[in-house]
Amino acid sequence: MPPAAVDSSCQRKPAPPGGTETVVYQSSLHLSTATLTFLGDLLRGNLKKIRSRWRKLPTGRIATIVLAVLRHDQRLADMAGGNRISAATVRRWVLEVVELLAARAERLERALKKVTRKGGHVVLVDGTLIRTRRRTGKDNRRNYSGKHKAHGLLFLALTDERGRLLWLSAACPGRSSEITTARYNKLVERLRAHELGAIGDLGFTGLDDDVDNPVVITGYKAARNKPLTSAKKQVNKLIASVRAVCEHAFAHLKNWRILTKLRLHVRHATTLLRALLVLTNLEDTRCALGQRS
């Protein structure tokens, strides 16, 4: 039998759709040159320490990519496509830089010693919830905060009287309370050992059991059948005015948009927050020097 006729049009491959080329766009990164230089030098020092011969991009470009991910929450695939690298490489660089920065963050004991050495007497304590994605299994409920009606991780922070971040605790499940987290970190005992006082909000009421010589000072809570007197209202207003700088410190920290909703695994949360603490203090120091000059 003669071979069947084959329509040549059926063998033609469909033409690729138009407009599928990779488009790269530019974005402004509102950070100081000092921060970029600091991060580049930190990376160069680490590469020299581990004797790494090369990277796919210069350390300055790597620092810029990492800062874009942290500051603007840029997707890893987007940063990878614009720089001709893989998303896994960007992720590896981000985790590397975060670990290097977190190692420079001060722990609680060292932070309190620094306050005492500078002649300080009072620190401000507060907590914040960093929202995360909803997780499956048992971790779903333990990270759900009934107070905020959202999934997240709880962090405690200490600031000085000017609102400069001094210390961030390790990540705790979102269902934890601020007072429980403070007790877990033995905050009262360590403050008393360094002869320091702390001012907190009503979430820390009852943290310090020493009525005669309290270390942690909070406002007054109103009972259902016992409203606050005018004097207690004035005390609450005074404490709130002093604690305002603590709220400002958290606002500066959350300018890093990667904290809008954490997509990294929760095991990296503590390292990430401490790395951002170092970067936040670096930016605040630069702004303070600029205002003085």
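Predicted model: local features only at pLDDT ≥ 70, side-chain atom pairs only at ≥ 80, totals over all residues.
Biologist: Why is Asp-126 counted as buried?

Modeller: Buried means under 20% relative accessible area. Asp-126 has 2% relative accessibility, so Asp-126 counts as buried. Asp-126 is found in strand 1, residues 122-131.

Biologist: What makes the pairing of the Asp-126 and Arg-243 side chains a polar contact?

Modeller: A polar contact needs a pair of N or O atoms within 3.5 Å, one able to donate a hydrogen and the other to accept it. The side chains of Asp-126 and Arg-243 make such a contact at 2.7 Å. Leaving aside neighbours within four places in sequence, the residues in contact with Asp-126 include Arg-243, Glu-178, Asp-201 and Phe-250.

Biologist: Why is helix 1 called roughly perpendicular to helix 4?

Modeller: Angles of 65 to 115 degrees count as roughly perpendicular. Helix 1 (residues 33-49) and helix 4 (residues 87-102) pack at about 95°, with their axes 11 Å apart. The pair is therefore roughly perpendicular.

Biologist: Which residues of the two helices meet?

Modeller: Phe-38, Leu-39, Leu-42, Leu-43, Asn-46 and Leu-47 in helix 1 meet Glu-96, Val-97, Leu-100 and Leu-101 in helix 4. By class, the residues of this contact are 8 nonpolar, 1 polar and 1 charged.

Biologist: Which residues have the most contacts inside the largest nonpolar core?

Modeller: They are Leu-70, Leu-272 and Leu-276, in a core of 51 residues. Apart from that core lies another, of 21 residues, with Leu-156, Leu-166, Leu-207 and Val-215 among them.

Biologist: What is Leu-276 in contact with, leaving aside its neighbours within four places in sequence?

Modeller: Leu-276 is in contact with Leu-70, Leu-253, Trp-256, Ile-258 and Leu-259.

Terms used: Residues numbered from 1 in each chain as written. Heavy atoms only, no water. Core = buried A, V, L, I, M, F, W, Y, C linked by side-chain atoms within 4.5 Å. Buried < 20%, exposed > 50% of the residue type's maximum accessible area, 1.4 Å probe, protein only. Contact = heavy atoms within 4.5 Å. Axes fitted to C-alpha atoms, helices over the stretch in contact; angles between N-to-C directions. Helix = DSSP H or I, 4+ residues; strand = E, 2+ residues; numbered from the N terminus. Parallel < 35°, antiparallel > 145°, perpendicular 65-115°, else oblique. Nonpolar A, V, L, I, M, F, W, Y, C, P; charged D, E, K, R; others polar.
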